[in-house]
Amino acid sequence: MGSRWHRVFTEAYRFLAVGGIATIVAFVIFNFLVHGFNTEHKALLDGHPYLGYVIANTVGMMVSYRGSKTWVFKHRPPRSADGGRTAFIAINLVTMLIPIACLWLSRNVFGLDDPWSDNVSANVVGLFLGLVARFYLFRRLVFRHPVHLPDLMHNPMQVFDLSELVEEEPVAVEVVTDVRSRPTGPSRSDPARRPAL
């Protein structure tokens with residue numbers, strides 16, 4: 001397997017791990033706000049599942065950003081001066097519409113409003129589709145593609161920003177220590193080699 005695919009798979013499993021933690025955080029907050037964990041008290045946002053989903057996933061988004069920047073895409077510098085926060089938030093807000101659409105479909109088309117249906121539609125089906133979209137968009141729009149020195153050697157005419165260069169493997173450099181073995185041209189200071197006038 002090539003180094004490019006190795007990097008993609010490494011980023012993918014790290015992204016899933018960070019996404020899993022962010023999902024657990026959002027899952028707990030969503031169920032607490034909308035369903036109250038089946039306690040005797042009425043939940044804070046009992047009649048407002050969409051607002052509860054947005055609040056829960058905003059907290060999850062903060063967890064996801066920190067993990068993505070410091071672990072998943074740590075070798076990819078952000079494309080913007082703000083560390084990619086604006087694009088990250090915009091992508092998360094747009095892709096949050098996917099699970100919300102699944103939740104709406106489950107509640108309004110199929111008439112399912114129990115906790116099990118809400119979680120399957122929003123936190124399983126919608127979340128999976130949203131994760132795939134976010135992974136692709138983060139790699140393309142938020143975090144810059146790192147340039148590895150072997151890639152630069154194969155494409156020397158490509159222009160890169162110096163911050164994009166990442167050394168993947170040590171570059172072999174031949175160091176000549178014995179100057180006597182190196183062929184030299186005629187010396188100008190050697191009288192025996194001067195041309196006659």
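The expected span of a helix is 1.5 Å times one less than its number of residues. Helices here are DSSP runs of H or I with at least four residues, strands are runs of E with at least two, and both are numbered from the N terminus.

This is a predicted model, in which local features need pLDDT of at least 70, side-chain atom pairs count only at pLDDT 80 or more, and totals for chains, interfaces and linings use all residues. Residues are numbered from 1 along each chain as its sequence is written, and side-chain values use heavy atoms, without hydrogens and water.

**Helix H5**

Helix H5 covers residues 115–142. A straight helix of 28 residues would span 40 Å. H5 spans only 34 Å between its end C-alpha atoms. It bends by about 40° at Leu-127. That bend is the angle between axes fitted to the seven residues ending there and the seven starting there.

Buried means under 20% relative accessible area, exposed over 50%, and partly exposed in between (1.4 Å probe, protein chains only). Contact means heavy atoms within 4.5 Å.

| Residue | Relative accessibility | Contacts, leaving aside residues within four places in sequence |
|---|---|---|
| Asp-118 | 0%, buried | Phe-30, His-35, Leu-103, Arg-107, Leu-112, Asp-113, Asn-123 |
| Ser-117 | 11%, buried | Ser-106, Leu-112 |

Leu-112 is in contact with Asp-118 and with Ser-117.

**Helices H2, H3 and H4**

Helix H2 takes in residues 49–72. Its buried residues include Pro-49, Gly-52, Tyr-53, Gly-60, Met-61 and Val-72. The buried residues of H2 pack against helix H1 (3–34), H3, H4 and H5.

Helix H3 (residues 85–95) and helix H4 (residues 97–109) have axes that come within 5 Å and cross at roughly 15°. H3 supplies Leu-93, Val-94 and Thr-95 to the contact, and H4 supplies Leu-97, Ile-98 and Pro-99. The two helices are therefore roughly parallel to each other. Angles under 35 degrees count as roughly parallel, over 145 as roughly antiparallel, 65 to 115 as roughly perpendicular and the rest as oblique. The axes are lines fitted to C-alpha atoms, for helices over the stretch in contact, and angles run from 0 to 180 degrees between N-to-C directions.

**The whole chain**

The protein chain has six helices and two strands. Their order from the N terminus is α-α-α-α-α-β-α-β. Of its 197 residues, 34% count as buried. Among contacts with a separation of 6 or more, 64% join residues 24 or more positions apart. The chain exposes about 13,100 Å², and carbon and sulfur atoms supply 65% of that area. Accessible areas come from the Shrake-Rupley method with a 1.4 Å probe; for residues, only the protein chains shown count as cover.
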